[in-house]
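Please look over the sequence and the structure shown here before reading on.

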Amino acid sequence: MHRGIYGKNKREIAELLKEHGINPTTQRVEIAACLLACPQHLSAEDVLGRLNHEYEQVSQATVYNTLRLFVRQGVIRELAISPDRIYYDSNTSFHHHFVDVETGRIHDIPAESVQTPVVNFEAEIHEVSVLVRGRLNQAEA
Ligand SMILES: [Zn+2]
């Protein structure tokens with residue numbers, strides 16, 4: 001588990017970005033701080049909404065470009081869960097997802113819950129990514 005990356009202070013986040021080859025500008029640090037507060041799944045709109053609550057000056061283009069940069073440099077993972085919205089996962093360790101069709105909420109499924117499928121052709125499997133859609137039972141919600 002990458003527990004260590006969450007809840008870092010601004011200086012530590014700047015260091016983390018540098019380790020990923022990213023120049024830690026003030027806005028990039030703010031965006032990373034928002035995402036890396038805890039393991040979570042946020043859309044670009046979610047990030048923008050949270051930032052603009054405190055920082056009026058962060059533009060939509062900056063947020064979109066920064067999120068793409070973070071994905072490229074391995075700071076966060078991109079999730080193709082819905083065709084009209086990209087979600088960003090602050091947990092880059094290997095795991096799967098469950099989407100609640102009623103609330104749209106995304107829940108993590110531990111990697112060990114899913115077995116690597118047996119394929120009927122010669123292949124070296126690099127990654128298995130399972131997306132489960134369903135509805136949480138009321139009692140568990
Ligand atoms: Zn996740």
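The report below moves from the overall chain to its helices, the zinc site and a group of loop residues.

**Basis of the description**

The model is predicted; local features need pLDDT of at least 70, side-chain atom pairs count only at pLDDT 80 or more, and totals for chains, interfaces and linings use all residues. Residues are numbered from 1 along each chain as its sequence is written, and side-chain values use heavy atoms, with hydrogens and water left out.

**The chain as a whole**

The protein chain contains 4 helices and 6 strands, where helices (H or I, at least four residues) and strands (E, at least two) are DSSP runs numbered from the N terminus. Their order from the N terminus is α-α-β-α-α-β-β-β-β-β. The C-alpha trace spans about 50 × 40 × 25 Å along its principal axes. Of the 141 residues in the chain, 36% are buried; buried means under 20% relative accessible area, exposed over 50%, and partly exposed in between, with a 1.4 Å probe and protein chains only. Among the contacts with a separation of 6 or more, 49% are between residues 24 or more positions apart, a contact being heavy atoms within 4.5 Å.

**Helices α1 and α2**

Helix α1 (residues 10-19) packs against helix α2 (residues 26-35) at an angle of about 100°, and their axes are 9 Å apart. Axes here are lines fitted to C-alpha atoms, for helices over the stretch in contact, and angles run from 0 to 180 degrees between N-to-C directions. The angle therefore makes α1 roughly perpendicular to α2, a term for angles of 65 to 115 degrees; those under 35 count as roughly parallel, those over 145 as roughly antiparallel and the rest as oblique. On the α1 side the meeting residues are Lys10, Ile13, Ala14 and Leu17, and on the α2 side they are Arg28, Val29, Glu30, Ala32 and Ala33. By class, this contact has 6 nonpolar, no polar and 3 charged residues. Ala, Val, Leu, Ile, Met, Phe, Trp, Tyr, Cys and Pro count as nonpolar, Asp, Glu, Lys and Arg as charged, and the others, Gly among them, as polar.

Helix α2 is mostly covered, with 7 of its 10 residues buried. These are Val29, Glu30, Ile31, Ala32, Ala33, Cys34 and Leu35. Their cover includes α1, β1, α3 (44-54), α4 (60-72) and β3.

**The zinc site**

Five side chains are named at the metal: His41 (NE2), Asp89 (OD), His95 (NE2), His97 (NE2) and Asp108 (OD) coordinate the zinc ion at 2.1 Å. Donors are N, O and S atoms within 2.8 Å of the metal (3.2 Å for Na, K and Ca); water is not among the atoms, so sites may look incomplete. Along the chain, the donors follow the spacing H-x47-D-x5-H-x1-H-x10-D. Because His41 lies in strand β1 (residues 41-43) and His97 in strand β4 (residues 95-100), the pair ties together parts that are 56 residues apart in sequence. Both His41 and His97 are buried.

**Residues in the loops**

Cys38 belongs to the loop between α2 and β1. Their accessibilities are set out below.

| Residue | Relative accessible area | Class |
|---|---|---|
| Cys38 | 32% | partly exposed |
| Ser90 | 0% | buried |
| Asn91 | 7% | buried |
| Thr92 | 27% | partly exposed |

The side chain of Ser90 reaches the backbone oxygen of Cys38 at 2.7 Å. A polar atom of that Ser90 side chain also lies 2.9 Å from the backbone nitrogen of Gln40. Leaving aside neighbours within four places in sequence, the contacts of Ser90 include Ile5, Tyr6, Leu35 and Ile76.

Asn91 makes a side-chain to side-chain polar contact with Ser93 at 2.6 Å. A polar contact is a pair of N or O atoms within 3.5 Å; within protein, one must be able to donate a hydrogen and the other to accept it, and residues adjacent in sequence count only if both atoms are side-chain atoms. Not counting residues up to four places away in sequence, Asn91 touches Tyr6, Pro39, Arg77 and Asp108. Asp108 is also one of the residues that coordinate the zinc ion.
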